Structures are given as C-alpha cells and as structure tokens.
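Work through each task yourself, then compare with the solution below it.

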Amino acid sequence: MSHSVELIDVEQAFGDVKAVHHFSAHIAGGEFFSILGPSGCGKTTLLRLIAGFTEPTKGRVLIGDKDMAGIPADRRPTAMIFQSLALFPLMPVWENIAFGLEARGVPKAQRRKRAEELLELIALPGYGDRMVHELSGGQRQRVAIARALAVQPQVLLLDEPLSALDLKLRQHMRAELRALQKRTGVTFIYITHDQSEALAMSDRVAVMSAGVLQQIATPQELYANPATPFTARFVGETNAIVGTVRGIEGGLATLTTAEGRFTGRAGPGLTDGARATIFIRPEAMALSRIALPNSLNAITTSLEYEGASAMLCARSEHGQELLAAVPNRQLAEAPGQGEQIWLSFAPEEALILAEEGQPA
Amino acid sequence: MNEMIKRFGPGLGGFFLILVAVWIIGMVLAPNLMMLNFSLKPMLFPNDIGGPKDVYTVDNYTALFGDRVHRAIFLKTIWGSALVMVATLAITYPLAFWMAKVASMRGARAMLTILIIPFWINEVLRTLAWFIILSFNGPLNAFLLSTGLIDQPVRWQGDFGVLAGMVYAYILFMLFPIYNSISTLETAQLEAAKNLGASTWRIHWRIVIPHAKAGIATGCVFTFMLAAGSYVAPALLGSPGSRWFTEIIYNWFFEGGNWNRGAAYALVLLVLCMAVVMVTLKIFRVNLADVAK
C-alpha cells in the first residue's frame with residue numbers, strides 16, 4: 001500500500017496574497033485524487049507544497065503519517081510530473097528515465113536495465129537511445145511518467161500533464177493513466193482545470209476556487225450533489241436562477257425568482273428568506289408546449305447538435321439564458337429557432353444552494 | 001546577398017554591400033596583409049628598401065622563439081590568459097546562475113546595475129583605481145593590517161595585480177553570455193531534477209552546464225582573447241616580473257623602432273588567439289555561428 005497524504009489546515013501566502021486558505025484533506029494510499037479548479041485557484045501551489053518546493057505558511061503536510069516540515073523536495077517520497085513535462089532535452093530517453101536512479105548512485109548497467117523495463121511498461125520498447133525531441137507529444141508524456149515512476153515514489157504528483165495534448169490523445173492518455181495507477185498502486189494527486197478529466201479518472205475530486213476548498217467528493221456525488229454554488233456552476237453544464245427562499249418543507253424548498261416560483265431540493269444549511277440559487281442540469285429539463293408546474297417560459301435561440309444529444313439554448317423574457325439537453329430520439333420534435341416553449345423540471349432534480357457563505 | 005537586394009532594392013542593397021566590403025577589405029584584410037608583409041622582411045634603413053637586402057625571410061619569427069626571455073613571456077601570456085579565463089569563469093558562473101534562476105527580479109537588476117556602473121568609466125581609469133587599491137601603502141594593505149590578517153604589507157602588484165585587474169575588467173564579457181544562456185533554461189527542469197533526488201552538484205553538472213555550454217564557451221573565448229591582447233592591466237598593475245606579451249610588441253613598435261619584428265610578434269599572438277578559439281569551440285562542441293549569436 002502506498003503512502004497516504006494528509007493536509008492539515010494548510011495555508012500559503014505570497015506576500016499579502018493568500019494562494020491557499022485553510023486547506024484540509026486526507027488522501028488515502030493508492031487513491032487517484034484530483035484537485036479541480038480554474039487557473040489561478042491555487043491548485044498548483046498546493047501541489048508544490050506537497051512536493052516540497054515551498055513550505056506552507058501555516059498548517060502541516062503529512063506523507064505516510066510523517067510530517068514533511070523541513071524536508072526538501074529531493075528527500076520526499078514524491079515524484080512530480082510537470083505541466084511542461086520538463087524532460088531533459090540534452091539526454092537520450094533512457095538517461096531521462098534513469099536520472100533519478102543516477103542521482104541515487106545506481107550503477108549504469110542497472111540503470112539502463114531499469115530504464116528498459118520502464119520503457120516496456122509505457123509501451124515504448126527500443127526508444128531508449130532516441131532524443132526527446134524525436135518523440136511525439138504522447139510519447140514524451142509517457143517518458144515523463146516513466147521518469148517519475150523510476151524512483152518508485154509513494155505519491156505521484158501530476159500538474160495538468162495532459163493539457164498540451166490534442167483531444168483524442170488526451171482521452172487515450174486518461175485511460176492509460178488510470179490503468180497505470182491501478183497497476184502500480186501509487187497514490188496519484190492530479191491537478192486539472194478540465195472537469196471532464198477529473199470526473200473520468202478520479203476516485204475522489206477536490207474542487208477549489210480562489211484558494212478555498214469547496215468540496216471533496218466522488219465524481220458522481222460532485223455532479224449530483226454539489227455543495228456550493230461554485231461547484232454547481234464549475235462541474236458540468238447547469239441552469240442557475242437566483243432568487244429568495246420562501247419556505248422549506250420536508251427537504252424541498254421554494255424559491256421566488258424573477259422567472260417565477262420554483263421548487264427544488266434544499267441544499268445544506270439553507271434558511272428561509274436567504275438569497276439562493278436553484279441549479280437544474282440541462283438533462284433534467286423537459287420540453288413542453290404548455291405551462292406545467294416548475295416551468296419556465298422561453299424562446300429558443302439555437303440548437304447545437306453534439307453527437308449523442310443536442311443542446312437547446314433558449315432565453316426567457318427576462319433575459320435568463322437556459323439550456324436543455326434534447327436526446328437524439330426526440331430531435332425530430334425539437335422546436336425550431338424563435339419558437340415559444342416551456343422548460344420544466346421535477347423538484348427532485350433541482351438543487352437550491354444558499355449564495356451566502358460563498359467565499360469571494 | 002540576393003535576399004538583401006530583394007529587400008532593400010539594388011540601390012540601397014548595393015550601397016550596404018559596398019560598405020561591408022570596404023570595411024572587410026580596408027579595415028580587416030589590408031592591415032593584416034600589410035602586417036604579414038612587414039613581418040616577413042628584415043628591418044632596413046629607408047635607402048635599403050627595394051635594394052638587394054630587401055628579401056623575404058622568417059628571421060623575425062625564429063627570433064621570437066630563439067630569444068629565451070621573449071619565449072618565456074609568450075608562454076606566460078598564454079598561461080596567464082588561461083588563468084584569467086578560468087578565474088573569471090569560476091567567479092562568474094555562480095553569479096550568472098544566481099541572477100538567472102535564484103534572485104528576484106529586483107535583486108538581479110540591482111546586481112546588474114552594480115556590475116555595469118563601473119564600466120561607464122574608461123578602462124585606463126578603472127585600472128588606475130586598482131593600481132591605487134593594490135599599491136604597497138594602499139587601502140587594501142591598510143585594511144588587512146588593521147584587521148590583523150597580515151602583519152606585513154603585501155606586494156599585490158605583479159602577477160596577482162594583473163590577474164585581479166583583468167578578471168575585473170572582463171567579468172561582463174563572461175557574465176552576459178552565461179547569464180543569457182542560463183536564463184533560457186526552463187526552471188521546471190531544475191525542479192524536476194531536484195524532485196528526482198539530484199544534488200545541487202549533479203543538477204549543475206548534468207542540466208545547467210550542458211545547457212549553458214555555448215554561453216560558457218563564448219565567455220571563455222572572449223575573456224581569453226581580451227586577456228591575451230590586454231595592455232593596460234599588465235602595464236599598470238604588473239611588475240617587471242609579470243611582463244605581458246603585448247608589452248613586448250608595443251616595445252618593438254614604439255621603442256625598438258623595429259616594426260617588422262613587432263609585426264611578426266603580433267601575428268603570432270593573433271594565430272595563438274585563433275587557435276585557442278578553435279580548440280575551445282571544439283572542446284565544448286559549439287559552432288562559431290552560435291558564439292556570434
């Protein structure tokens with residue numbers, strides 16, 4: 001079992017700017033854990049804290065239950081895969097992979113052997129003597145992974161390593177990374193701003209915004225039950241309508257908005273009279289020609305075909321933009337542009353979250 | 001050439017070409033050919049020139065290697081210039097690395113300013129300042145005596161003075177090429193190496209120095225050539241025991257009145273410098289074109 005990583009109330013300030021506020025998380029050994037957030041949210045700072053490139057201003061970082069305070073990057077059981085990969089261009093592939101072993105004083109013959117084994121693992125046998133610039137993007141990616149795995153780290157830290165690849169390759173590498181993680185059993189901490197990447201690969205995802213942890217949950221939980229308005233907006237497409245809570249009963253709340261009154265599930269800590277937002281996923285929206293309970297009146301603006309389904313965009317008379325997913329089999333009956341329609345949803349499929357307590 | 005005529009038209013393009021040709025032929029080729037011609041003839045009285053004694057000979061060259069003192073000074077100049085080069089590199093490399101990768105923007109800028117400001121002053125005056133600092137009753141000895149590090153004043157001038165003066169005079173020629181090349185190294189590579197457990201020494205040996213080798217070669221070539229051709233520092237900071245080859249050349253021209261011998265000596269120095277450039281580039285496996293950049 002590889003080491004767990006525990007972050008206890010970690011805070012990182014650069015001068016007056018706080019990049020990370022009170023971040024606590026327990027990452028189990030062998031877990032694939034993603035940290036998801038928009039660029040500049042502090043997720044890379046967090047990763048560098050774990051790697052030991054910086055020390056936290058406050059709080060503690062534990063790896064395998066051992067406090068990492070004062071232990072520099074070269075003596076932590078972590079290996080990092082950089083966004084730019086940071087392969088060494090002046091060394092052949094095998095020396096890149098074996099660099100960590102070279103630093104540990106492993107004899108050359110043994111280093112070479114280990115490098116060949118790892119090339120085997122990443123499905124690039126016989127590539128050892130090539131130079132990095134002779135490899136394609138995906139191959140470089142895999143060499144970077146092999147280089148990190150060569151030192152047999154307990155924790156692998158990945159800083160948006162797929163962002164430079166094209167879509168097809170990215171999807172392929174996702175599956176490969178996931179398989180590699182399962183095979184090696186190493187704890188993966190994966191940083192990304194791409195929510196589909198985080199949802200597809202991770203055991204659990206931490207969502208971060210402006211240095212603040214929003215939620216830690218499994219991908220399914222994150223999508224179905226976002227804990228904060230930020231998470232609801234950031235993870236997946238959603239319709240968000242702001243209003244005021246007027247009555248909570250049996251787990252359901254009623255919200256009055258400029259668009260009318262809506263009922264949905266009450267989020268955690270929702271109070272009567274609070275400012276709140278109701279979130280409805282596009283696939284929860286049903287189209288109708290007549291007014292139903294819990295429905296919005298709107299005029300269609302466009303229909304974007306996306307392959308598996310189509311996304312209907314509409315605008316209410318108050319200017320609220322709305323999205324509804326139309327399954328392919330209903331495409332024939334889909335309304336045309338500029339048509340008056342009603343979009344309705346079941347209360348159980350909508351979630352009302354308080355806007356207060358939302359950190360700036 | 002065609003590219004230039006295409007870009008600037010035949011009139012302006014041709015004008016540029018003529019300027020370059022005048023420069024290369026008039027300022028570079030012709031003087032060196034004249035020197036070569038001088039060096040291969042004996043020194044003659046004006047009325048013997050064109051007479052039967054005016055024949056080509058290599059006597060001026062054999063004289064250099066036949067004269068024990070001149071030969072020793074020549075070899076010492078090579079050795080001394082190499083020492084200046086190594087000393088300057090040893091001082092500059094950590095400084096360049098610090099400025100390019102460790103220091104904050106403000107720190108690096110402040111350091112650069114501190115290093116550049118003295119260069120607003122003429123080289124002779126700067127060397128004269130060292131002359132004062134290093135003199136027997138000068139401030140350096142006074143300071144060391146007052147701290148008790150030495151109990152007798154030290155004669156700094158001579159070999160040490162020449163070395164110190166030259167290292168100081170040429171530090172920027174070494175610093176800029178190395179600084180520029182280290183700046184282009186991606187910082188993530190240093191972090192990656194560190195993350196993989198490499199020691200500071202290994203990071204430099206395996207990552208930074210191979211990346212910066214073109215800059216290091218350029219700086220070394222510059223420094224060696226400037227040191228070998230230097231006149232002011234050895235003339236002011238040297239002693240009779242630390243004569244530099246350039247001083248001998250100067251003496252042949254302006255004191256000995258033997259331009260032919262002086263020309264031969266100067267050409268030997270030129271060939272030496274070119275040889276050092278080629279060997280250095282070979283060692284570092286760098287092209288001349290990379291240095292020119």
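**Exercise 1.** In which order do the six strands of the open sheet in chain A lie?

*Solution.* Before starting, note that this is a predicted model, in which local features need pLDDT of at least 70, side-chain atom pairs count only at pLDDT 80 or more, and totals for chains, interfaces and linings use all residues. Residues are numbered from 1 along each chain as its sequence is written, while chains are lettered from A and ligands numbered from 1 in the order in which they are written.

Step 1: Helices (H or I, at least four residues) and strands (E, at least two) are DSSP runs, numbered from the N terminus; two strands pair if DSSP finds at least two bridges between them.

Step 2: read the order, which is S6-S7-S8-S3-S9-S10 (chain A), with mixed pairing.

Step 3: find the edges. Strand S6 (78–81) and strand S10 (212–217) of chain A each pair on one side only.

Step 4: take one pair. Strand S3 (residues 32–36) and strand S9 (residues 204–209) of chain A run in the parallel sense, joined over four bridges. Within S9(A), Ala206(A) is the bridge partner of Ile35(A).

**Exercise 2.** Find the buried residues of helix H11 (residues 245–255) of chain B, and say where they sit around the axis.

*Solution.* Step 1: apply the burial test. A residue is buried if 20 or more other C-beta atoms lie within 10 Å of its own, exposed if 12 or fewer, and partly exposed in between, with C-beta atoms placed from the backbone. The buried residues of H11(B) are Phe245(B), Thr246(B), Ile248(B), Ile249(B) and Trp252(B).

Step 1: check the arc, taken from the directions from the helix axis to the C-beta atoms.

Step 2: look for the cover. Helix H3 (68–102) and helix H12 (259–284) of chain B are among what covers the buried residues of H11(B).

Notes:
Two residues are in contact if their C-beta atoms, placed from the backbone, lie within 7 Å.
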